[in-house]
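Let's look at a protein together. Here it is.

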Amino acid sequence: MHCVSTHDNGTIKTDALITDLQAMRAEGLIPFALVGTAGTTDHGAIDDLNSLATIAAENQLWFHVDGAYGGALF
């Protein structure tokens, strides 16, 4: 598991995600999944799911969205 940097509101920093994916591959690692959130239980953070979906598709990653709190919004 690898944790990506987040903004103060708890959402994933997409630029950091891209950089981390490149670094992982350079280390010989094979990232295979990306988990975004549609509302965390601690403070309701909702990731930029469209951007994460694009990054996942471009990097051939399985994209999972955890809807712990905000899943009903979508």
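The model is predicted: local features need pLDDT of at least 70, side-chain atom pairs count only at pLDDT 80 or more, and totals for chains, interfaces and linings use all residues. Residues are numbered from 1 along each chain as its sequence is written, and side-chain values use heavy atoms, without hydrogens and water.

Me: Which residue in strand 2 stands opposite Leu-34?
Reply: Strands (E, at least two residues) and helices (H or I, at least four) are DSSP runs, numbered from the N terminus. Two strands pair if DSSP finds at least two bridges between them. Strand 1 (residues 33–37) and strand 2 (residues 62–66) run parallel, joined by five bridges. Opposite Leu-34 stands Phe-63.

Me: Is Thr-11 buried or exposed?
Reply: Thr-11 lies in the segment before helix 1 (14–26). Buried means under 20% relative accessible area, exposed over 50%, partly exposed in between (1.4 Å probe, protein chains only). Thr-11 has 11% relative accessibility, so this residue is buried.

Me: Which residues does Thr-11 touch, not counting those up to four places away in sequence?
Reply: Contact means heavy atoms within 4.5 Å. By that test, Thr-11 touches Ser-5, Thr-6, Ala-45, Ile-46 and Asp-47.
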